[in-house]
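Subject: Structure for your review

Dear colleague,

Please find below the structure that I am handing over to you.

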Amino acid sequence: MDADRPAVNDGDPARARASAALRWLARRPELKAALLASPTLSAVLKAGAARYVAGSSRAEALDRAAAFARAGHRVTIDFMGEDTSGASEARRATDEFLALVADLGPVDGASVSLDLSHVGLAVPGSGERLAREHLTEIAEQARAAGREVMISMEDSERTDAILRAHGAVGERHGNVGVTVQAALRRTPSDLPGLHARPGRVRLVKGAYAESPRVAYRRGEALDRAYLSLARTLVDAAARRGRPCSIATHDAALIGRITQLVDEATDLRRSTDAIQFEMLQGVTPDRLDALRDRGYVTRVYLVYGSEVYLYLCHRLAEHPPAVLDVLADATDGWKELSGDPAEGRTCSPARQGSPRRPARRE
Ligand code: FDA
C-alpha cells in the first residue's frame, strides 16, 4: 500500500518541501543499495525504522505482535512488498504469507494483510488469475486457522481488479476483507456491493497520487467523504453486524467517529464488528487511548526487507517524525559502536514498544 504517494501539502511550505524531498529519496535505489551494502549503515537504518517496522524476519514480527496482543491490541501483519513482476517472486511471497498464517497460532486475534500486487496481480499477462489463485490459497489456510485476511487497496487503475478478486474469493471465504479509499470518488457507489458480501471493510483516506478527476485531495472534502463513509460502515456494523475497520490516525475524525459508534452501539463499545486500526509507530498514544476507553483496536505491523522505502513513505507523510527517527537511528549507532557512555537520546523503550509514548504535535 505504499507506492507513488503524493507529498504532504497542508499549507506549510517547510513541511511540503521536506515531504517532497523524502518522496524523492524514496525513489533513489542507489541510495538504498549504498545503505544496505554497509552492515553499519544498514543496522542504523533498521534502528531508525524500528518504531514503524516490526523487523526483517517473521519471527521478529511475531514477537512484536505478541507484545501488542499483551498490551490489549489486536494485530494484523503484512509481509512488506508490492508490484512483484515475476511469477516466481509472487509464489515466494505467497509462501511467506502461508508460513505467516501457520505461525500466527499463539497471537490472539491476529490477522494478515496483503497487497494483491505482491502476490501476483502485477505479473504481466497472468496477473489477475495468479493473484486470485494465491489469495485463495492464503484465504483457505487462514479460514482453517480462524484468521482474517485483509486485502489492501492500491492505485485506482487496480481498483476494479482488486474488487473483482475480493468478490471471487471473498464470497466463498467469509474471512476475506478489503480496504476502500475515502479519497476515491467512486467509493460510495462501491460500498453497497461490498456490503452484499461477507468480510470486513477497512476504510482509509488513500495513499496514492491520483488525478482530481477520480480522487479528492487531502483536506476538508476528503475528511467529509471519510466521515460519511464511516457513518455508513458504523451503521451497518451496529445494525447488521457487518464488520468494519476505521483505519486513520486523524484525531478530529476519530473524535467524530467514536461519537457515532457510541450512539450506534448504545455505548457497547467493545464490539468486534467495529475496530479502530493504526499503523505501528504512528500515534500509538491515540490507539492506546481508544483501547482504554473500551473500543476494539488493531495495530498494522509490517516486516521484511523493504525498510528503506517504507520508512521514507512514513516520514514523507509526516515530516516532523524525522526528529524521532534521527534520535532512534543515533541510539542504534551508539549501541553498535559500543559507546554506552554517550547514553541514549531517548527512553530505552525506543524500539517501537507498544507502550512507547509518541511525539505529540
Ligand atoms: P493524515 O495523513 O491526515 O494523518 C493524521 C494525523 O496522523 C497527522 O496529523 C499526524 O498527527 C499523524 N501522523 C500521520 N503520519 C504520521 C507519522 N508518520 N508519524 C507520526 N504521526 C503521524 N492506504 C491505501 O491507499 N491503501 C491501503 O490499503 C491502506 N491501508 C492502510 C491500513 C491501515 C491500518 C492504515 C492506518 C492506513 C492504511 N493506508 C492505506 C494509508 C492511508 O491511506 C493514509 O495514507 C494514512 O493512514 C495516513 O492518513 P490518516 O488517515 O492517518 O490521516
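The notes below concern aromatic rings, charges over rings, a surface patch and cysteines.

This is a predicted model, in which local features need pLDDT of at least 70 and side-chain atom pairs count only at pLDDT 80 or more, while totals for chains, interfaces and linings use all residues. Residues are numbered from 1 along each chain as its sequence is written, and side-chain values use heavy atoms, with hydrogens and water left out.

Aromatic pairs. The structure holds 3 aromatic pairs. Rings of Phe, Tyr and Trp (its six-membered ring) pair if their centres lie within 6.5 Å; planes under 30 degrees apart count as stacked, over 60 as edge-to-face and the rest as tilted. F79 and Y303 form a tilted pair, because their ring centres are 5.4 Å apart and their planes stand at 35°. F79 belongs to strand β1 (residues 74-79) and Y303 to strand β8 (residues 296-303), so this pair ties together parts that are 224 residues apart in sequence. Helices (H or I, at least four residues) and strands (E, at least two) are DSSP runs, numbered from the N terminus. F79 counts as buried at 18% relative accessibility, as does Y303 at 1%; buried means under 20% relative accessible area, exposed over 50%, and partly exposed in between (1.4 Å probe, protein chains only). Ring pairs also link F79, F97 and Y303 into a cluster.

The pair of F276 and Y295 is edge-to-face, at 5.5 Å centre to centre with 70° between the planes. F276 lies in strand β7 (residues 274-279) and Y295 in the loop between α11 (284-292) and β8, so parts that are 19 residues apart in sequence are tied together. Both F276 and Y295 are buried.

Charges over rings. A charge sits over a ring if NZ of Lys or CZ of Arg is within 6 Å of the ring centre and within 35 degrees of the ring normal. The charged end of R28 is placed in this way over W24, 4.1 Å from the ring centre, and that of R314 over Y310, 4.6 Å from the ring centre.

Cysteines. With a disulfide taken as a pair of cysteine sulfur atoms within 2.5 Å, the count comes to 0 disulfides. C244 is buried at 1% relative accessibility, and C312 is buried with a relative accessible area of 7%.

Surface. W333, in helix α13 (residues 322-336), is partly exposed at 45% relative accessibility.

With kind regards
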